Amino acid sequence: MLQTLYDYFWWERLWLPVNLTWADLEDRDGRVYAKASDLYITLPLALLFLIVRYFFELYVATPLATLLNIKEKTRLRAPPNPTLEHFYLTGGKQPKQAEVELLSRKSGLSGRQVERWFRRRRNQDRPSLLKKFREASWRFTFYLIAFVAGMAVIVDKPWFYDLKKVWEGYPIQSTVPSQYWYYMIELSFYWSLLFSIASDVKRKDFKEQVIHHVATIILISFSWFANYIRAGTLIMALHDSSDYLLESAKMFNYAGWKNTCNNIFIVFAVVFIITRLVILPFWILHCTVVYPLELYPAFFGYYFFNSMMGVLQLLHIFWAYLILRMAHKFITGKLVEDERSDPEETESSEGEEAVAGGGAKSRPLANGHPVLSNSHRKKD
């Protein structure tokens, strides 16, 4: 049964043009071709990335945050209350008015005390400023290195300047070590992002991020074993060209460098629009949709690859809309927040008595950093 499924999955008519077989892509005469088995190494490499990230955030990002004077303010913790905690975990983080009244009767607290408990409890779960800075620093470092390395891999190739050469001789196109490592490292990194997404800072586009990571992993994997490597390297370098700008804008945002963050964000927005809404659809997608049909009839792999590219393009349009909306706020001078993040909730000093005891008032709450007016918006 498993062997039958395996044979159907690797049927040449699915992944290769007509009249070609996997035997045509076996190594010979010193020429090395991409193989699906090469991708096994990406899973242990992804775990290695997670380890490297841990030490990077601890010994590089954290001292850098201290150097930039990124500090956490004290957050008042919600006092232990089993009734409210159970509702928070099972019923929702923002109870409606009727639910507040019911919880008030069950817990013996006033409605205001219940609402204050939930505000504090929500703030406890929000990621710290230091955590956000660490993540942005790690991704900035990787995307910058990946972009420079990617350009070094493809800038001397003739198909970088003439996209028709992407398909010259396809799929009998051998690979070189630089292409191999570029692919394995990029794919391993996206596996690591998928593995850590549950513990990373959750934003309002969490579902879109999951879809993006999964689509990217599928695209990179397919383009490798189906030998879409030339197109794949172009697509990966194109994506990395704006990602490091976004992460650097985040870093300066968290450091409170308002003008620097705004300027970098504008540059990022311009690069993102040009690469994702102009170059990608009108050059790269045109290259993967039109040019192959001049060489061979469409097959399943052709449709599959371009369908996944379509998913990515839709995500880029979604993110571009948010980027343009934020850029408009910059231009009009309106204060903006990171539209993917939930803002920290504040409490007035009025009624700051302890929730569980109704005792003396405490000092005014300082529960986290103020949201800066120069936030930013991501894509892929």
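I take helices (H or I, at least four residues) and strands (E, at least two) as DSSP runs, numbered from the N terminus. This is a predicted model, where local features need pLDDT of at least 70, side-chain atom pairs count only at pLDDT 80 or more, and totals for chains, interfaces and linings use all residues. Residues are numbered from 1 along each chain as its sequence is written, and side-chain values use heavy atoms, with hydrogens and water left out.

**Annotated spans**

I looked up the "transmembrane region" annotation in the unreviewed UniProt entry, and found residues 45-68, 140-160, 264-284 and 304-324. UniProt positions follow the numbering used here, feature names are shortened, and annotations may be inferred rather than shown by experiment. For residues 140-160 I get 71% helix and 0% strand, with the end C-alpha atoms 25 Å apart. Residues 45-68 come out at 96% helix and 0% strand, and their end C-alpha atoms lie 31 Å apart.

**Aromatic pairs**

Next I turned to the rings of Phe, Tyr and Trp (its six-membered ring), which pair if their centres lie within 6.5 Å; planes under 30 degrees apart count as stacked, over 60 as edge-to-face and the rest as tilted. I find 45 aromatic pairs in the structure. One of them is Trp 15 with Phe 225, edge-to-face at 5.4 Å centre to centre and 90 degrees between the planes. Trp 15 sits in helix H2 (residues 12-15) and Phe 225 in helix H9 (residues 206-225), so this pair ties together parts 210 residues apart in sequence. Trp 15 counts as buried at 5% relative accessibility (buried means under 20% relative accessible area, exposed over 50%, partly exposed in between; 1.4 Å probe, protein chains only).
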